[in-house]
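Here is a walk through one protein model, meant for someone opening it for the first time. Have a look at the picture, then read on.

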Amino acid sequence: MFLCEGTILVIMTHDTHPTFGKWFQRFFIRAWLIIVALFIFGLLLLKNNLSTLGAIFAISFGLSVPLVICYLIYKLYHIECPNCHMPLTTRKNRKMSKYEATCDRCMIVWDVGIGIGTSD
Ligand SMILES: [Zn+2]
């Protein structure tokens, strides 16, 4: 086996991110409850001929879904390192079917605690 002189072997440590996964789950559940509430209220108001108010709820419902998705994706790609507070680089680890965020300064690959749905 031949190794070039001056090769720096980079060893990354793997660890679980202490807060992101929990925050993500909590936010997801709350957002989901609000979305469902908007949908039910909108439907009830429309059924009771309160069309203006019902329309407001229906529009809020329609806007809240993409907004929540965009916000969660934004947060997923803007995670802070729990050690040095530097922004992390988030990647999909298809082999492990989960998201990972890398800190180049601490040499840590953080498991953010969010899995990728196996589509195949
Ligand atoms: Zn770091």
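## Ground rules

Before looking at how helices pack, we need a way to talk about their directions: axes are lines fitted to C-alpha atoms, for helices over the stretch in contact, and angles run from 0 to 180 degrees between N-to-C directions. Helices (H or I, at least four residues) and strands (E, at least two) are DSSP runs, numbered from the N terminus.

Keep in mind that this is a predicted model, where local features need pLDDT of at least 70, side-chain atom pairs count only at pLDDT 80 or more, and totals for chains, interfaces and linings use all residues. Residues are numbered from 1 along each chain as its sequence is written.

## The parts list

The protein has two helices and four strands. Starting at the N terminus, the order of elements is β-α-α-β-β-β.

Of the 120 residues in the protein, 10% are buried. Buried here requires 20 or more other C-beta atoms within 10 Å of the residue's own; 12 or fewer makes a residue exposed, anything in between is partly exposed, and the C-beta atoms are placed from the backbone. As for contacts, two residues have one if their C-beta atoms, placed from the backbone, lie within 7 Å. Among contacts in the protein with a separation of 6 or more, 40% link residues 24 or more positions apart.

## Two helices side by side

How do the helices sit against each other? Helix α1 (residues 20-47) packs on helix α2 (residues 51-76) at an angle of about 160°, and their axes are 7 Å apart. That makes α1 roughly antiparallel to α2, since angles under 35 degrees count as roughly parallel, over 145 as roughly antiparallel, 65 to 115 as roughly perpendicular and the rest as oblique. Residues making the contact include F24, F28, A31, I34 and I35 of α1 and F57, F61, S64, V65 and V68 of α2.

The crossing of α1 and α2 is left-handed; the term applies if the near helix is turned anticlockwise from the far one by less than a right angle, and clockwise would be right-handed.

V68 touches A31 and I35, leaving aside residues up to four places away in sequence. Although V68 and A31 are 37 residues apart along the chain, their C-alpha atoms are separated by 7.1 Å. V68 counts as partly exposed, with 17 C-beta neighbours inside 10 Å.

## The sheet

The four strands form an open sheet in the order β1-β4-β3-β2, with mixed pairing. β1 (13-16) and β2 (89-93) are at the edges with a single partner strand each, so one side of each has no neighbour in the sheet. On average, neighbouring strands of this sheet are turned by 30° against each other, direction ignored.

Strands pair if DSSP finds at least two bridges between them. β2 and β3 pair in the antiparallel sense over five bridges, and T102 in β3 is the bridge partner of T89. β3 and β4 also pair in the antiparallel sense over five bridges. Here K98 stands opposite G115 in β4, and A101 stands opposite W110 in β4.

## Turns and a loop

What is the phi of S97 in the hairpin of β2 and β3? It is positive, near 45°, and this hairpin has four residues between the strands. S97 counts as exposed, with 12 C-beta neighbours inside 10 Å. In the hairpin of β3 and β4, also with four residues between the strands, M107 has a positive phi near 60°.

H85 lies in the loop between α2 and β2. Its phi is near 60°, a positive value in a residue other than glycine. H85 is exposed, with 9 other C-beta atoms within 10 Å.

## The core

In a regular strand the side chains alternate between the two faces of the sheet.

Which residues make up the largest nonpolar core? There are eight: F20, I79, L88, Y99, A101, C103, W110 and V112. Such a core is a set of buried Ala, Val, Leu, Ile, Met, Phe, Trp, Tyr and Cys residues joined through C-beta atoms within 7 Å. The elements giving two or more residues to this core are β3 (98-103) and β4 (108-115), and the largest share, three residues, comes from β3. L88, one of the core residues, touches I79, E80, C81, A101, T102, C103 and W110, not counting residues up to four places away in sequence.
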